[in-house]
Amino acid sequence: MARSPAAARKAPARQTRLLISTRKGLWTLASDVSRNGWTLAGPQFLGHTVHHALADPRAPRQWLAAARTGHLGPTVFRSQDNGRTWKEAVRPPAFERGSGRVVDHTFWLTPGHADEAGVFYAGTSPQGLFRSTDGGATWEGVDGFNAHAQRKAWCGGDQEGTPDGPKLHSILIDPRDPRHLYIGMSGGGVFESVDGGADWRPLNRGVRADFLPDPAPEFGHDPHCVRFAGGNPDRLYQQNHCGIYRLDRPGDTWQEIGVSMPKSVGSVGFPLAVHPTDADSLWVFPMDGTTVWPRTSPGGRPAVYRSRDAGRSWKRQDVGLPRSQAWWTVKRQAMTTDLRDPTGIYFGTTSGEVWGSRDEGRSFRCIARHLPQIYAVECATA
Amino acid sequence: MTAQSSSEVATIVRVRVPSPLRSYTGAAEIGVAVPVLAPELPPTVGGVLASVDGAYPGLRFRIVDEQGHVRPHIRLFVGNVATRDLGAPIASGEVLMIVAALSGG
């Protein structure tokens, strides 16, 4: 989620709290002042697949969680008291009756613009965009996308795409203009709206799509995670199926910035996290995207890679991480940063561990283990 | 039973609820009042589920999708007969049983 420069580091934080969404429920991790000691609490929604949960930066006691339970239909839960009690959405995200489309799960949640209290956006699998204006109690489809004449061409069929279903993710709201939106879709690509979602246009120039007959199409790409640069909403970073990219607006051509990653590691991965105020600083977590896409840490040696120069160069950060035989990886929503100085960076693994660094990645340590497979990690700074 | 108006006459249908849905009902079996429009129009599965949702908001969407189809891996029985037809009638005294498959790891 984008943070405006003003919002970042507004006040010294006393505690960092992480919301850990997993395949089997929701946990929280709360730090002491030094971010040295961490206390794990939970589970909530035990047995539910929680794809995403977050705290509302406009009203930090308000939390939202997107859940699906076994074979039951998907829903959204909301809390007004830091997750102590929850209410289910009265009308969860669902496609129009008669459209023939069915929401399998709500995958991504994004709080709306700072001036639009109670507004949230949700991205679903298969690809759909939904909006709530009442804090997540009721959700309406954004018809400008869901009913767009080109949507099927952009997205493909609902049965196509990633193994766990095609997804709409990375919903970004320009902190200067609530009508200026970006979305990412796997598959489909990155799209932009300048009219509050009434219309959309592809924004994929410069991004490779090596898996398609035309390697440079207008749409059909596979962005895994798209973020605003910290403090600069005119810059976007993208971890894609085919590399890492940067886009500086008003330009509309992405620059591939993963080319300087070590060849033995590659530039495939899922998550991407940004520094809250330094627009040149970002982190990725590479995975093995060779042959059949094992989706593990390359060589069983996990590492974060950081760039401090907008992707021109990268530095491996693996102090404290396992040196060998660690075959987990990190999903696209499962790496985030806090607003502290120095910035903390946190990620959750497919093997149920949470790793944290309180020195911008110079060293990591495991702050929780033995959890279910982690789908998302979000920071709520009190 | 003769209908006097759609809102005045109802029949009580018993519904057996699987454990994944008992966070809504708090019970393994519930009884819901289903409006009876006319003697020749018995309650339907869909009508019963609408009444269930009225009493326990949100439950229906967990087992029936937005296109009106019973979700995959959810089974409905009227008495001992399986059905996926929300228009299927429920005779007086019959029980609607909801079964949620518990497969996967």
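Predicted model: local features only at pLDDT ≥ 70, side-chain atom pairs only at ≥ 80, totals over all residues.
Strand 18 of chain A and strand 19 of chain A make a hairpin, with 6 residues between them.

- In chain A, 4 strands form an open sheet in the order 16-17-18-19, and their pairing is antiparallel.
- The edges belong to strand 16 (223-229) and strand 19 of chain A; each has a single partner strand, so one side of each is left without a neighbour in the sheet.
- As background, strands of a sheet pair through backbone hydrogen bonds, in either the parallel or the antiparallel sense.
- Strand 17 (residues 232-240) of chain A pairs with strand 18 of chain A in the antiparallel sense, over 6 bridges.
- Those two strands also form a hairpin, with 2 residues between strand 17 and strand 18 of chain A.
- To place one bridge in your viewer, look for Tyr237(A), whose bridge partner in strand 18 of chain A is Arg246(A).
- Strand 18 (residues 243-248) of chain A is mostly covered, with 5 of its 6 residues buried.

**Salt bridges within chain A**

- Over all chains, the count comes to 20 salt bridges.
- One of them joins Asp280(A) to Arg235(A), with the closest N and O atoms 2.6 Å apart.
- This pair links distant parts of the chain, 45 residues apart: Asp280(A) sits in the loop between strand 20 (269-274) and strand 21 (282-286) of chain A, while Arg235(A) lies in strand 17 of chain A.
- Asp280(A) has 30% relative accessibility and so counts as partly exposed.
- Arg235(A), at 11% relative accessibility, counts as buried because the cut-off for buried is under 20%.
- Another salt bridge connects Asp248(A) with Arg246(A), where the closest N and O atoms are 2.9 Å apart.
- Asp248(A) counts as partly exposed, at 31% relative accessibility, whereas Arg246(A) is buried, with a relative accessible area of 10%.

- In chain B, the side chains of Glu29(B) and Arg14(B) meet in a salt bridge at 2.8 Å, N to O.
- Glu29(B) is in strand 2 of chain B and Arg14(B) in strand 1 of chain B, so the pair, 15 residues apart, links distant parts of the chain.
- Both partners are partly exposed: Glu29(B) has 35% relative accessibility, and Arg14(B) has a relative accessible area of 41%.
- Back in chain A, salt bridges with shared partners join Arg235(A), Arg246(A), Asp248(A) and Asp280(A) into one network.

**Helix 2 of chain B**

- Which residues of helix 2 (residues 45-55) of chain B are buried? They are Val45(B), Gly46(B), Val48(B), Leu49(B), Ser51(B) and Val52(B).
- The cover over these buried residues includes strand 1 (10-16), strand 2 (29-35), helix 3 (59-63), strand 3 (74-78), strand 4 (81-83) and strand 5 (95-100) of chain B.

**The interface of chain A and chain B**

- About 1500 Å² is buried between chain A and chain B, and 49% of it is on carbon and sulfur atoms.
- Of the area that chain A buries against chain B, 43% comes from His71(A), Leu72(A) and Arg97(A), more than from any other three residues.
- How many salt bridges does the rule find across the interface of chain A and chain B? It finds 0.
- Polar contacts, by comparison, number 10 residue pairs between chain A and chain B, counting pairs with both residues at pLDDT 80 or more.

Terms used
Residues numbered from 1 in each chain as written. Chains lettered and ligands numbered in written order. Heavy atoms only, no water. Buried area = accessible area lost by both parts, 1.4 Å probe. Salt bridge = Lys/Arg side-chain N within 4 Å of Asp/Glu carboxyl O. Polar contact = N/O pair within 3.5 Å; in protein donor to acceptor, adjacent residues only side chain to side chain. Buried < 20%, exposed > 50% of the residue type's maximum accessible area, 1.4 Å probe, protein only. Pairing = 2+ DSSP bridges. Contact = heavy atoms within 4.5 Å.
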